[in-house]
Amino acid sequence: MDATSSSETPQDTVYEEIESFFDSAPPLKDGADISRKLNEFIARDSQSTGGGGATRVVCVTSGGTTVPLEKRCVRYIDNFSSGHRGAASTEYFLKAGYSVIFLYRRGTFQPFCRSLPEDPLLECFEVSKELNVQARQSHSEAVKRAIGEHCAAIDQGYLLKLPFTTIFEYLQILQLIAMSMKNLGKCAMFYLAAAVSDFYVPWKSMVEHKIQSASGPLDMRLVQVPKMLSVLRKDWVPMAFCISFKLETDSKILLEKAEMALKKYKMHLVVANELETRKEVVVVVTSSEKISVHRDKNEARADVESPLIKLLVEKHSSYIEGPDF
């Protein structure tokens, strides 16, 4: 065997890094329960269409992952992601007839809550003389609508919410979701809007207890998080329609980076957004075109996710109806 045929390929290296990541990650405390919920959710959707498997299911990832610095975590590295895009997009996917698996960071925006007032939660309610708790009159309609829409989506089996905090939890749960959706074929979609950490501290290298400031300046080595997107596309859910996001602060490199991600990870679409204008406009990048999607400025409460999801649903439909490769 010559040196070329026996050498390790870049793809082999990726698989080794991913295997090492999962092997060394702390086990999910509720992994079995998450798998059960996923299987029941997918089975219920299939039954609702007579077992034909025609229900479209989208996994929406939302919010940002944390990178713990200690096993008994006190300090961690975070990012600014609020989860607004994922929460808003979930609402529009539900309106479009999709079932949604909402993989979200604890404490970030939730579907149907965007219309609620920005007042602290307790200020939205009042206690009557009979000691009954009710929404304040000024907030009553918004609160009722949010609770009603949320409960309807959950009770009717169209929305499954799964929380995460750390990079370890996020990637382990994402893999479980992908495995559960594999048999959906082209009817599965992944809308990967979460802000995933690029670097992390390997669990085996992490100290057990709180890092002491008395030890002096902190010198810590971070390693790159394995690139899971290519494996998700190739192995976990090869038939699913996959959309990733690219956020940059420099508009000059944004589209170039989006195109690179499209090719490198074999995504069907990449949604490019610049930090300062991300709530006003995004650019959907495909192998053949770049489509600018704008928020309707004529509507006071309009957001860019409404036309974005409409476009993505159309693209997904074309993909489902297209030839198999």
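How much space lies in the second largest pocket? In this predicted model, the second largest pocket holds about 330 Å³ of space. Its lining comprises 18 residues, and those closest to the pocket centre are Pro26, Lys29, Thr166, Glu169 and Trp203. Helix H6 (residues 167-181) supplies the largest share of this lining, with 3 residues.

A pair of helices is also described here. The axes of helix H4 (residues 84-95) and helix H9 (residues 305-321) come within 9 Å and cross at roughly 55 degrees. Because angles of 65 to 115 degrees count as roughly perpendicular and those under 35 degrees as roughly parallel, H4 is oblique to H9. The crossing of H4 past H9 is right-handed. On the H4 side, the contact is made by His84, Arg85, Ala88, Ser89, Tyr92 and Phe93, while H9 contributes Glu305, Ser306, Ile309 and Val313.

Note on methods:
Residues are numbered from 1 along each chain as its sequence is written. This is a predicted model: local features need pLDDT of at least 70, side-chain atom pairs count only at pLDDT 80 or more; totals for chains, interfaces and linings use all residues. Side-chain values use heavy atoms; hydrogens and water are left out. On a 1 Å grid over the protein atoms alone, a cavity is a set of points where a 1.4 Å probe fits but cannot get out, and a pocket is an open set with protein on both sides within 12 Å along at least five of seven lines; lining residues have an atom within 4 Å of a point. Grid points are joined across faces, edges and corners, and a volume is the space filled by probe spheres set on the points. Helices (H or I, at least four residues) and strands (E, at least two) are DSSP runs, numbered from the N terminus. Axes are lines fitted to C-alpha atoms, for helices over the stretch in contact, and angles run from 0 to 180 degrees between N-to-C directions. Angles under 35 degrees count as roughly parallel, over 145 as roughly antiparallel, 65 to 115 as roughly perpendicular and the rest as oblique. A crossing is left-handed if the near helix is turned anticlockwise from the far one by less than a right angle, and right-handed if clockwise. Contact means heavy atoms within 4.5 Å.
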